[in-house]
Amino acid sequence: MSSLNASFSQNVSIVHPKYFFIVGLSGIPYSSYYYIFLFMIYFITVIGNSIVLLIIAFERSLHSPKYIGVFNLALADIGETNALIPNMMNNFLFDSQYISFNACLANMFFVFLFSSMQSVTLVVLAYDRFIAICLPLRYHALVNNTSMVLVFSAVWAFNFSIVALMVSLITRLSFCESNVIQSYFCDHGPVFRLACNDNSINKIIAFLVSALYLVAPLIIIFLSYMGIFLALIKITTWQGRLKALKTCFSHLFLVGIYFLPICCSYIAAILVSLTPNARVISTSLAYAVPPMLNPIIYVLKTAEIKDIIQKMLKNKSAPIRENIFK
């Protein structure tokens, strides 16, 4: 950390460190156990979401607009988890807390790209539920496989461009004083705040990204469900209302699991002066836990996937029983 002069590569007036030092948890005994806990979350996340991806890919009955969205969310969950946790394990369990400048930017790009995809996918799934309940007669005209593929292609391209712009603006900053990142990965805010030249553009883009992928999705989802609840009121029977509302339960769980931890972390950081260790623990859990819980919700709260898994288990158990009774 102290030998920055030896590790700086200079381009005119812009100074980039050859390496950044990621602090992570500091001064906490047995912190390695927390990283092992995160690795267990990583293992469950990858296995669970891979199962969901395979089921949707190979089960033709799930080749529908809703499950194109679920497939996209599972893909984003795996991407974000792989961008975040293995790098943390390498940094903190194996005492390799230095990361090169370019690797840091790559890490930042992929974490924010997949995280932004999670957020926008939940918005698209809210739109799917809104059309299904509020405009059921026009659902197949407005929401079909082709339109969903086009929507997600556009979303991937848009998010790629926004995150690439955010990360590329880091290269215009000069890091001439410190290379110590007070976070557990190459987080955008802790990195651009290290700059010793003007970082006002980076502050603006950080605000816009937060508004675009946190505030705007919450507002759109809230308005979608306001419309859904108004449509439910018009249904005359409680049985009809409950049947329609049941189709939204899994999505509401996903929204709560994704947005609540992140919002609580932001609110806590504003209202309370969080220590660096508290910030690392709260934000790392907010990023790591939702992708682990999402596939569990698909299985427990989605009748179609639950039925398919039950059929698969029955088909596998049938030959075993036949062999036993032969």
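**Reading the labels**

Guide: The protein has 10 helices and five strands. Keep in mind that this is a predicted model.

Visitor: What makes β5 a strand?
Guide: A strand is a DSSP run of type E with at least two residues. β5 covers 180-181. That meets the cut-off, so β5 counts as a strand.

Visitor: Why are β3 and β5 called paired?
Guide: Pairing takes at least two bridges between the strands. Strand β3, residues 19-22, and β5 have two bridges, in the parallel sense. So the pair qualifies. Within it, I22 stands opposite I181 in β5.

Visitor: What is the order of strands in the open sheet?
Guide: The order is β4-β3-β5, three strands with mixed pairing.

Visitor: Why are β4 and β5 said to stand at the edges?
Guide: Each has a single partner strand, so one side of each lacks a neighbour in the sheet. β4 spans 98-100.

Visitor: Which helix packs on the sheet, and which strands does it touch?
Guide: Helix α3, residues 101-134, touches β3, β4 and β5. Touching here means heavy atoms within 4.5 Å. The direction of α3 makes about 90° with that of β4.

Visitor: What does UniProt place at residues 48-298?
Guide: An unreviewed UniProt entry gives "domain: G-protein coupled receptors family 1 profile" there. That stretch is 79% helix and 2% strand. Its end C-alpha atoms are 10 Å apart.

Visitor: How much of the protein counts as buried?
Guide: Of its 326 residues, 46% do. Buried means under 20% relative accessible area.

Methods
Residues are numbered from 1 along each chain as its sequence is written. This is a predicted model: local features need pLDDT of at least 70, side-chain atom pairs count only at pLDDT 80 or more; totals for chains, interfaces and linings use all residues. Side-chain values use heavy atoms; hydrogens and water are left out. Helices (H or I, at least four residues) and strands (E, at least two) are DSSP runs, numbered from the N terminus. Axes are lines fitted to C-alpha atoms, for helices over the stretch in contact, and angles run from 0 to 180 degrees between N-to-C directions. UniProt positions are given in the numbering used here, feature names are shortened, and annotations may be inferred rather than shown by experiment. Buried means under 20% relative accessible area, exposed over 50%, partly exposed in between (1.4 Å probe, protein chains only).
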